[in-house]
Amino acid sequence: EIELTGGLNTIKNDGTASAKPIITLTAKENSTYALIENQYDEYMLLGIPADDEQEVVDTRRTVLYENGKTLDTWSGATKEFIDPQRLHKIAGSMTTDDVGIRARSYGTGDKLHGPAIYKELTRPIQDFEIEATFDIISRRPEENWRIGINFLDENMNMLGHIGIKDNHRKYKRRVPLARYGPYRGGGRKNGNLIGDTRAYDNAREVTLFYLNAKREGDLFTFYIGEWQGHKHIRWWEETYLDLAKEYAGRLKFITLYIASYADRRTPSRLRINSVEVFELSKAVEDTTPYIVRKGDELLIDMDAENVFINGRNAMPLKHIGSDFFHLESGYSTISVEPAEAFDGKVTFRERYR
């Protein structure tokens with residue numbers, strides 16, 4: 001494992017055969033592209049370098065970010081802010097463990113019960129994206145819980161929901177959840193795009209999920225991925241085109257909840273590491289969009305021949321002439337551009353040393 005910096009790097013492979021490297025880059029600033037090139041003019045290019053004549057625009061602007069540090073700016077939710085059929089009783093309270101948002105207490109109830117909080121955006125937004133990470137340690141099959149996010153418009157109409165649940169007493173179950181509109185019963189015809197049919201049992205005790213809900217124009221897009229290492233080992237993605245504009249209201253309220261079922265024992269960890277809300281804008285003609293933003297992680301696996309950004313498959317960003325190249329025996333050079341945008345590391349096994 002060798003550290004990389006932006007610009008030119010010299011790498012020594014002491015093996016007697018070429019090696020297949022894994023390159024991990026962390027963005028220090030926003031960038032429209034990432035270019036990795038060796039001394040043989042083999043390269044991996046993601047995105048598009050902006051021409052001098054082109055304007056670079058960020059089509060995502062953060063309007064809310066919470067990781068537990070400012071929970072005092074949130075309010076206790078009432079039934080109008082949740083799905084009463086999903087979280088049957090709001091009880092207990094939220095807290096932070098200095099890493100994210102957790103339930104301090106769950107209260108009591110004969111079904112799903114737990115704390116729920118909401119926050120009002122400073123102004124309503126039309127096109128939006130919601131991004132969150134859920135960190136779960138659930139070791140006992142009898143644990144039954146639910147953790148999620150509701151989002152509502154300025155007239156308190158439910159626009160949708162994303163979450164994760166375990167709804168079985170005999171399995172360590174994980175069920176990804178994504179829905180547009182209010183809860184209207186089960187099934188896809190009622191807006192449940194991702195749900196019980198995507199459940200899997202005997203899950204790992206420690207599971208980390210990335211959740212994303214987006215609306216651009218009339219199109220809702222939902223994505224949920226399970227992290228392992230630097231990749232999503234399984235993922236679920238669905239879309240819905242709201243041609244009737246039933247759920248076209250401007251986003252105004254975000255609700256977070258964490259719940260346990262009846263008198264079941266609660267998991268070791270049900271945590272919302274962070275939630276971020278972005279306002280989306282349309283790029284005008286002759287603009288180049290950012291593909292990574294400050295803090296994003298880019299993983300280029302030359303062995304598996306795949307590319308990920310924050311664990312999510314990024315192969316559609318790969319330039320058609322790009323190569324998944326090797327590190328030859330002896331000295332090699334690797335150039336990382338733009339030089340000011342990235343730091344990272346290269347990992348490889350020295351073969352037949």
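Visitor: How much space lies in the largest pocket?

Guide: First, what counts as a pocket. On a 1 Å grid over the protein atoms alone, a pocket is an open set of points with protein on both sides within 12 Å along at least five of seven lines, a cavity is a set where a 1.4 Å probe fits but cannot get out, and lining residues have an atom within 4 Å of a point. Points are joined across faces, edges and corners, and the volume is the space filled by probe spheres set on them. Here the largest pocket holds about 1,200 Å³. Keep in mind that this is a predicted model, where local features need pLDDT of at least 70 and side-chain atom pairs count only at pLDDT 80 or more, while totals for chains, interfaces and linings use all residues. Residues are numbered from 1 along each chain as its sequence is written, and side-chain values use heavy atoms, with hydrogens and water left out.

Visitor: Which residues lie nearest the centre of the largest pocket?

Guide: Look for Arg60, Glu129, Glu131, Ile291 and Arg293, out of 44 lining residues. By class, the lining has 18 nonpolar, 14 polar and twelve charged residues.

Visitor: Which strand gives the most to the lining of the largest pocket?

Guide: Strands here are DSSP runs of E, at least two residues long, numbered from the N terminus. Strand 23 gives the most, with five residues. Strands that supply at least two residues each include strand 7 (60–66), strand 14 (128–137), strand 19 (206–216) and strand 23 (269–280).

Visitor: What about the second largest pocket: how much space lies there?

Guide: About 270 Å³. Its lining has 18 residues, with Gly186, Gly187, Asn192, Gly195 and Asp196 closest to the centre. Strand 16 (158–166), strand 17 (175–180) and strand 18 (192–194) each bring at least two residues to that lining. The lining of the second largest pocket splits into five nonpolar, seven polar and six charged residues.

Visitor: And how many cavities of 30 Å³ or more does a search of the whole structure find?

Guide: One. The largest cavity has a volume of about 30 Å³. Around it sit Asn38, Gln39, Tyr40, His326, Leu327, Glu328, Ser332 and Thr333.

Visitor: Now sheets. In what order do the strands of the four-stranded open sheet come?

Guide: Two strands pair if DSSP finds at least two bridges between them. In this sheet the order is 2-28-4-5, with antiparallel pairing. Strand 2 (7–13) and strand 5 (43–47) are the edges with a single partner strand each, so one side of each has no neighbour in the sheet. Neighbouring strands are turned by 15 degrees against each other on average, direction ignored, taking axes as lines fitted to C-alpha atoms.

Visitor: How many bridges join strand 4 to strand 28?

Guide: Four, and the two strands run antiparallel. One of the partners to find is Asn38, bridged to Ile334 in strand 28. Strand 2 pairs with strand 28 (residues 330–337) over seven bridges, and there Lys12 has Tyr331 as its bridge partner.

Visitor: Where is Asp97 placed?

Guide: In the loop between strand 10 (93–96) and strand 11 (101–105). At 26% relative accessibility, Asp97 is partly exposed. Not counting residues up to four places away in sequence, Asp97 touches Arg102 and Arg271.

Definitions and conventions
Nonpolar A, V, L, I, M, F, W, Y, C, P; charged D, E, K, R; others polar. Axes fitted to C-alpha atoms, helices over the stretch in contact; angles between N-to-C directions. Buried < 20%, exposed > 50% of the residue type's maximum accessible area, 1.4 Å probe, protein only. Contact = heavy atoms within 4.5 Å.
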